[in-house]
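Okay, thanks for coming, everyone.

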Amino acid sequence: ECVSGCVCPEGLFDDGRGGCVEEEDCPCIHNSDWYNHGQSVTVDCNTCTCQKGIWSCTENVCYGTCMIYGSGHYITFDGKFYDFDGSCEYVATQDYCGDKNSGGSFSIITENVPCGTTGVTCSKAIKMFIGVKLKLENKDYKEIQRDVGDDVYYQNRTVGLYLVIEASNGVMLIWDKKTTVFIKLTPDYKGKVCGLCGNFDDKSNNDFTSRSGLQESSALSFGNSWKQSSVCPDVTEEIKPCDLKPHRKSWAEKECSLILSEIFKICHSKVNPSPFYDACVHDACSCDSGGDCDCFCSAVAAYAQECTKAQACVFWRSPDIC
């Protein structure tokens, strides 16, 4: 134990928890949790091991993941969280970037439609161009056309609730057959993609790069630049469904408080629950055309998914909840 106000005897070190230890027994801290010498944690696709109070990590380059879910919520490859509600087809991500949009190998388009009476939009269908053109809609997918002579191939499989499309060019799409889409890219695409999912260059402050290459300050102008058709109107204001449907607000806050509850406590220090709670309330207010439970469940599942990525597995579904 420490003596005289946590001063350790000579040769021993303060372990940060009220004790004194030999240097080789010094612990490490990660996301507010303490780990003893020799213990390991997984961070994305790397393993970090506590070595005498210092983390020693492998240096694998990891897949990038973009998430689109609910009524217009986006988390870019570089972790920028924003909302954009547009009723049109938009480029989620592609490698047709640069002045002449030449030399690309894939494009993923999200078709957004209104998902309630407040004007918010949800992803209705996904189009995937990988030499083969695929469309994911109505809980299934179909191959629309195949370009002759293209050597990109793909496989599909079902994993739990999700349909997974994995292409040989390093593009993977994971879809919950409703409004949630995960797009995963190999590290080869770092800094080479553009669209609503950002540019995958490990910097989130430049993710609002428009189709013309300009840095936009707002999600509205950024999102509008990536629409596929000039016929679609631009989005001019952020929709706040709880203001439009105040009678749903208290119900939405009560349901979504699950994210802030003890059930997810193990995750709170690893993934900030606030933006996910706000998104959940937004969706629970907006889905007033019979899909309110779906919207709530998708919003909680999005937070649970991020928790799982951060090594905080939460068993939150029950016979009463989703």
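Before anything else, a word on burial: I call a residue buried under 20% relative accessible area, exposed over 50%, and partly exposed in between, using a 1.4 Å probe and protein chains only. Also, this is a predicted model, so local features need pLDDT of at least 70 and side-chain atom pairs count only at pLDDT 80 or more, while totals for chains, interfaces and linings use all residues. Residues are numbered from 1 along each chain as its sequence is written, and side-chain values use heavy atoms, with hydrogens and water left out.

How many salt bridges does the structure hold? The count is 10.

Let's start with E89 and K127, whose side chains meet at 2.7 Å, N to O. E89 is in strand β11 (residues 89-94) and K127 in strand β13 (residues 121-129), so this pair ties together parts that are 38 residues apart in sequence. Strands here are DSSP runs of E, at least two residues, numbered from the N terminus. And are the two partners buried or exposed? K127 is buried, at 17% relative accessible area, whereas E89 is partly exposed at 22%.

Next up, D234 and K227: their closest N and O atoms are 2.6 Å apart.

One more pair, K203 with D201, comes in at 3.6 Å, N to O. K203 is partly exposed, at 43%.

Now the inside. A cavity, on a 1 Å grid over the protein atoms alone, is a set of points where a 1.4 Å probe fits but cannot get out; lining residues have an atom within 4 Å of a point.

Which strand gives the largest share of its lining? That's β13, with three residues. β8 (64-69), β9 (73-75) and β12 (107-114) are also among the strands supplying at least two residues each. Residues in the lining include Y69, H73, N112 and T179.

Key. Salt bridge = Lys/Arg side-chain N within 4 Å of Asp/Glu carboxyl O. Helix = DSSP H or I, 4+ residues; strand = E, 2+ residues; numbered from the N terminus. 1 Å grid on protein atoms, 1.4 Å probe; cavity = no way out; pocket = protein on both sides within 12 Å on 5 of 7 lines; lining within 4 Å.
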